[in-house]
There are 2 protein chains.
Amino acid sequence: MDYSDREICSIFQDPVREGLDAVEEKLRDVLGSDMPLIDEICGYISLTPGKRLRPNILLLASKSVGGDGESAVTGGMAVELIHTATLVHDDIIDGHAMRRGRETVCSKWGRNVATIMGDFLYSMAFARLGEAGLDGIMKILARTTNVMSVGEMMQFQLARNIEVSEDRYMNMIYSKTASLFSASGECGAITAAGGKSNGSRERYSLFGTNLGLAFQITDDLFDYIAADDRIGKPVASDFADGRVTLPFITAFRNAPDPEKARVRELFHSGFSGRDEWGEVVSFVQNFGGIEYSLNKARELGETAKDTLLSARPSRERDALCHAADYVIRRVDPFSS
Amino acid sequence: MDYSDREICSIFQDPVREGLDAVEEKLRDVLGSDMPLIDEICGYISLTPGKRLRPNILLLASKSVGGDGESAVTGGMAVELIHTATLVHDDIIDGHAMRRGRETVCSKWGRNVATIMGDFLYSMAFARLGEAGLDGIMKILARTTNVMSVGEMMQFQLARNIEVSEDRYMNMIYSKTASLFSASGECGAITAAGGKSNGSRERYSLFGTNLGLAFQITDDLFDYIAADDRIGKPVASDFADGRVTLPFITAFRNAPDPEKARVRELFHSGFSGRDEWGEVVSFVQNFGGIEYSLNKARELGETAKDTLLSARPSRERDALCHAADYVIRRVDPFSS
């Protein structure tokens with residue numbers, strides 16, 4: 001995160017700073033066990049905190065509907081645990097050795113331990129929600145976790161397929177990524193006093209869906225525009241893993257046959273050198289993949305913000321809009 | 001299952017035959033998705049049904065407290081889904097190619113698909129409980145799933161260690177196996193009308209714990225007494241995988257040093273031939289491992305039955321006692 005990143009993040013973090021700190025404390029607290037190996041791995045995981053974007057959204061949604069802070073903190077912990085569990089299992093499947101610039105659990109402790117740790121983190125989320133009596137949040141996250149596993153399977157099935165349609169891609173990223181952002185908004189909204197929703201449940205859920213879709217698209221854009229060290233993943237990892245994402249899907253749709261044939265060859269034969277990866281990046285740039293994806297992400301970000309227009313004005317509602325801006329801003333050279 | 005097995009099973013299945021059929025139907029129903037690959041694997045899994053012992057216990061406990069049948073069926077489906085998820089992930093970790101005489105999901109579709117399928121099955125259990133509004137059952141099973149993952153990690157950590165104490169073994173099999181039997185009893189008990197427990201929650205939970213411990217011990221005894229085809233697992237799999245269980249732990253405690261040295265060598269160097277496995281079996285037999293474990297299982301079975309003495313007499317209560325007898329009878333040459 002460079003300085004301007006920090007600044008924009010603080011705009012949507014500050015209104016719920018206390019809640020975010022409480023989530024952090026609860027995560028540290030919850031990740032203890034009687035098992036030294038589990039403790040060791042949990043300690044390692046919590047040393048590499050992300051931006052806690054999902055708990056952030058949950059806390060903001062909750063506060064903007066005047067929701068119960070304690071429930072929101074427990075809910076925030078649960079979505080972060082589920083997110084982390086997903087990463088741990090994802091890294092097994094992708095065979096990734098690095099994540100956020102550090103070694104993955106799978107690479108450091110092996111696939112077997114990573115399989116068990118993912119199960120531990122998932123089930124810990126639900127166990128703690130159950131203890132806290134947060135049945136509503138539990139239901140939303142149970143459904144969502146199932147949707148996410150279907151998304152993971154979709155992604156697996158689309159691997160090594162160069163002809164993925166935009167519809168299938170959008171469907172897959174909804175299931176895999178956006179569903180948990182959607183759930184974060186929804187869980188925040190249902191913490192409202194007396195359980196009165198007044199449409200906010202649907203509103204914050206929809207906000208999360210659109211922000212989540214934008215988030216995944218900008219994440220996928222990184223492969224084609226970012227330097228190696230920026231997000232801690234090796235460049236070209238998705239394409240090299242045999243996965244096409246929106247920037248490539250778009251360019252492949254637009255490109256003439258001879259150019260298609262060349263990238264098809266690179267896709268199927270695999271490649272190791274930076275030169276060949278440079279060819280793919282040029283292909284995506286030349287045939288409008290970057291521009292189209294960026295526009296799509298911008299649109300989704302705007303749609304996310306629009307869903308909150310009908311919500312009661314508040315500092316927290318505005319902060320959610322800043323979060324949507326941030327997601328786009330990560331990759332958008334023209335944003336202010 | 002031979003003829004007498006069928007006969008004794010029907011004694012505890014018959015009182016809830018309708019419920020068991022309903023669980024089966026719900027499992028078939030729930031395991032559909034829009035994903036062809038998920039459907040294919042679910043179809044494969046449901047073609048190899050086990051004895052549904054966990055739903056059976058849940059249904060019997062529920063009926064014996066006059067519980068709600070519909071809730072018990074959904075609960076029964078959930079415990080079976082969780083059990084199946086555990087098997088799918090276990091087979092990844094153990095690297096087993098066969099289970100119940102058929103190829104495992106991991107072996108047939110690979111580790112990645114098995115990782116995702118386990119997540120799908122776990123989350124499906126909770127998603128359906130949430131939809132049905134069975135918050136109480138959801139809480140019990142969330143806690144239990146977490147305990148099971150800790151048990152799985154314990155087992156992993158004890159691997160390649162020949163000096164496991166009986167206490168650590170018992171602790172591990174409680175977490176890994178008995179906790180889900182305990183949860184099955186407890187979930188059945190809380191379906192009682194008006195949620196009135198009158199101590200039955202603790203009673204059926206304790207029944208499940210003891211039956212579950214007996215179940216795992218008899219399961220572990222199979223390695224040392226059964227022929228290859230009887231349970232569909234290759235003989236000696238646990239020991240060959242570097243895992244010691246109660247029969248071996250006992251013999252190793254009793255044996256003099258020279259004999260210990262020999263099996264230690266076999267344990268650490270690994271072995272391939274039947275002759276060497278024969279040596280280990282003789283060691284366990286000669287130093288009282290079989291007898292001690294069998295007695296322990298018998299005691300636990302009796303304790304399970306004793307916990308139900310204070311329950312209201314009913315056909316279902318008696319059927320649970322028969323289930324406890326069955327678990328022991330699987331390996332006990334002296335049972336009638």
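Q: What makes the span of helix α10 of chain A close to the expected one?
A: Helix α10 (residues 200–225) of chain A has 26 residues and reaches 36 Å from its first C-alpha to its last, close to the 38 Å expected. The expected span is 1.5 Å times one less than the number of residues. Helices are DSSP runs of H or I with at least four residues, numbered from the N terminus. The model is predicted: local features require pLDDT of at least 70 and side-chain atom pairs pLDDT 80 or more, while totals for chains, interfaces and linings use all residues. Residues are numbered from 1 along each chain as its sequence is written, and chains are lettered from A and ligands numbered from 1 in the order written.

Q: Why is α10(A) called largely enclosed by the rest of the structure?
A: A residue is buried if 20 or more other C-beta atoms, placed from the backbone, lie within 10 Å of its own, exposed if 12 or fewer, and partly exposed in between. In α10(A), 21 of the 26 residues are buried, so the helix is largely enclosed.

Q: Why is the relation of the chains that of a two-fold axis?
A: Chain A can be laid on chain B with an RMSD of 0.0 Å by a turn of 180 degrees and a shift of 0.0 Å along the axis; that is therefore a two-fold relation. The superposition is by least squares on C-alpha atoms of residues with pLDDT of at least 70 in both copies.

Terms used
Helices (H or I, at least four residues) and strands (E, at least two) are DSSP runs, numbered from the N terminus.
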